[in-house]
Amino acid sequence: MTENLNYIAIIAVVAIVTAAIRGIPFILFSKGEVPKSIQYLGDTLPSSIMIILVIFCLKDVSFTSFPFGLPEILSTLSIVFFQYKKGNTLLSILLG
């Protein structure tokens, strides 16, 4: 029984912390005035995070032994192609 209470307590704490993290920006910036530094982060972080994810996904690719990274290269090129042509992120990810 105490094990179940531990699980419930963990879930409750995670839920409260998640709600607080998501609610704090609305409390801090309720006047509608967002500082320029926060706007800068909002503009630059999404593309920076995507670049880091791509590098992380391709870091263990071996270009010196068979198949010379061909599956990863083809997948990456297909994602770029479909995103450029269709503009549908979900389609690009699924087809990649």
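This is a predicted model: local features need pLDDT of at least 70, side-chain atom pairs count only at pLDDT 80 or more; totals for chains, interfaces and linings use all residues.
The chain is helical. Four helices and zero strands are present. Read from the N terminus, the order of elements is α-α-α-α. The radius of gyration of the chain is 21 Å, whereas the globule rule gives 12 Å for 96 residues. The value lies well over that of the rule, so the chain is more spread out than a compact globule. Along the principal axes, the C-alpha atoms occupy a box of roughly 50 × 50 × 25 Å.

Burial and surface were examined next. Of the 96 residues in the chain, 4% are buried. The accessible surface of the chain amounts to about 8,600 Å². Carbon and sulfur atoms account for 73% of that surface. Charged side chains were also counted. The chain carries 6 positive and 5 negative side chains. The centres of these two sets are 12 Å apart.

A nonpolar patch was found on the surface. Its members are Val34, Ile38, Tyr40, Leu41, Leu45, Ile49, Met50 and Leu53. Together, these residues have about 710 Å² of accessible area. One of the members, Leu53, lies in helix 2, which spans residues 36–58. The relative accessible area of Leu53 is 42%. Buried residues fall under 20% and exposed ones over 50%, so Leu53 counts as partly exposed. Patch membership requires over 30% relative accessible area, and the 42% of Leu53 is given above.

Terms used:
Residues are numbered from 1 along each chain as its sequence is written. Side-chain values use heavy atoms; hydrogens and water are left out. Patches are made of residues with over 30% relative accessible area and no salt bridge: like charges are joined within 9 Å, nonpolar side chains (Val, Leu, Ile, Met, Phe, Trp, Tyr) within 5 Å. Accessible areas come from the Shrake-Rupley method with a 1.4 Å probe; for residues, only the protein chains shown count as cover. A salt bridge is a side-chain nitrogen of Lys or Arg within 4 Å of a carboxyl oxygen of Asp or Glu. Helices (H or I, at least four residues) and strands (E, at least two) are DSSP runs, numbered from the N terminus. Buried means under 20% relative accessible area, exposed over 50%, partly exposed in between (1.4 Å probe, protein chains only). The radius of gyration is taken over C-alpha atoms; the globule rule is 2.2 Å times the number of residues to the power 0.38. Lys and Arg count as positive and Asp and Glu as negative; His and the chain ends are not counted. The place of a charge is taken as NZ of Lys, CZ of Arg, CG of Asp or CD of Glu.
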